[in-house]
Amino acid sequence: MFQSMQAVPLGDVTEAMNDGFSDYVVPMQMTEEQLANRIEKQGLSKEHSVVYIEEGKIAAVLLLGIDVFQETKQAWIGGMAVRPKFRGRGIARKLLDFAVKTAEEADCVEVLLEVITENTRAWQIYEAYGFETINELMVAGLGALPSPDDGLPDIRFEKEEEDVTEPYRTPWQNRLERTGNAYHICLDGERVGWISFMQREAKAMVLQMQVTDQSLTARIPAILQQLKVDFGIEQLSVHNFMMDTKEYEGLADLVAGDVIQQYQMRKSIG
């Protein structure tokens with residue numbers, strides 16, 4: 001039986017999600033406050049999100065958001081967890097059925113989700129259900145960048161969100177309507193692209209980046225170094241960065257430490 005998340009204490013939802021992700025490829029544990037923040041910041045909907053009740057207990061959780069992006073109405077599965085005790089009962093498929101049915105009723109044209117590439121079983125379930133892989137995403141730290149003493153080119157950042165066009169395949173949580181933080185990249189006084197990032201104190205995650213020409217990819221390490229200098233960033237990483245782009249080519253050699261890769265998947269409706 002499905003029950004709206006609005007009717008369930010968030011602490012109970014948090015407990016169920018933590019249990020469902022306790023043995024995940026990348027174990028994830030959240031506090032009630034962190035879950036509430038995630039729902040708000042990622043544009044998820046308590047109205048459309050549900051828990052699945054079996055044997056009088058929360059057996060699974062589905063976090064769902066609905067939004068319009070570039071004139072296309074989409075639903076996004078922002079989290080789906082089945083508690084270990086209740087696995088093998090077809091509950092995951094029931095959650096997907098619910099997500100698709102909700103998206104159809106809301107006149108969405110597609111449902112999106114991400115899955116870690118190492119989670120082969122989940123990826124196979126989604127593919128068998130009709131999801132197709134759009135692209136591959138990366139979460140990783142960035143290592144050594146050029147030193148400012150090496151004579152960096154004249155790079156400046158201008159805060160402005162006008163004239164910024166996001167790729168249609170931009171992951172849901174990386175979109176500017178959620179991050180609200182885009183800067184034009186200016187090289188020797190000329191605009192050559194833009195960058196979006198989220199910063200908390202001395203740490204920052206690059207979410208999107210575009211340069212106007214393939215030849216500029218060689219400048220990306222210097223651009224990122226100047227970003228660190230200008231914004232007082234000590235630790236820089238990429239989050240759900242699209243790997244099939246020329247911009248990724250420009251920073252691939254900088255990737256350091258633990259790496260998480262995800263597939264972004266889509267199921268068309270209608």
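**Entry 1**

I started with Leu251 and listed its partners beyond four places in sequence: Leu142, Ile220, Leu224, Val238 and Phe241 are in contact with it, contact being heavy atoms within 4.5 Å. This is a predicted model, so I kept to local features with pLDDT of at least 70 and to side-chain atom pairs at pLDDT 80 or more, while totals for chains, interfaces and linings use all residues. Residues are numbered from 1 along each chain as its sequence is written, and side-chain values use heavy atoms, with hydrogens and water left out.

Next I looked up the largest nonpolar core, which has 29 residues. Such a core is a set of buried Ala, Val, Leu, Ile, Met, Phe, Trp, Tyr and Cys residues joined through side-chain atoms within 4.5 Å. For burial I used relative accessible area: under 20% is buried, over 50% exposed, and in between partly exposed (1.4 Å probe, protein chains only). Leu251 is among the residues with the most contacts inside this core, along with Ile195, Leu224 and Leu236.

Which elements each supply at least two residues of this core? I found β6 (132-142), β7 (155-159), β8 (182-187), β9 (190-200), β10 (203-211), α6 (220-231), β11 (235-242) and α7 (246-251). Helices (H or I, at least four residues) and strands (E, at least two) are DSSP runs, numbered from the N terminus. With five residues, α6 gives the most to this core. I also noted a second, separate core of 28 residues, with Tyr52, Ala103, Val115 and Tyr129 among its members.

I then checked its pairing, where two strands pair if DSSP finds at least two bridges between them. Strand β3 (residues 57-69) runs antiparallel to β4 over 10 bridges, and Leu63 stands opposite Gly79 in β4. On the other pairing, β4 and β5 (residues 110-116) run parallel and are joined by three bridges; here Gln74 stands opposite Glu110 in β5.

The β3-β4 hairpin has two residues between its strands, and Gln70 in the turn has a positive phi of about 50°. Glu71 lies in the loop between β3 and β4 and has phi near 65°, a positive value in a residue other than glycine. Glu71 counts as exposed because its relative accessibility is 81%.

**Entry 1: aromatic rings**

I searched the whole structure and got 12 aromatic pairs. Rings of Phe, Tyr and Trp (its six-membered ring) pair if their centres lie within 6.5 Å; planes under 30 degrees apart are stacked, over 60 edge-to-face, and the rest tilted. Phe197 and Phe231 have ring centres 5.1 Å apart and planes at 70°, so I logged the pair as edge-to-face. Phe197 sits in strand β9 and Phe231 in helix α6, so the pair ties together parts that are 34 residues apart in sequence.

Phe197 counts as buried at 2% relative accessibility, whereas Phe231 is partly exposed at 24%. Both rings belong to a cluster that also takes in Phe157 and Tyr183.

I also looked for charges over rings (NZ of Lys or CZ of Arg within 6 Å of the ring centre and within 35 degrees of the ring normal). Lys159 lies over the face of Tyr183, 5.2 Å from the ring centre, and Arg175 lies over Phe69 at 3.9 Å.
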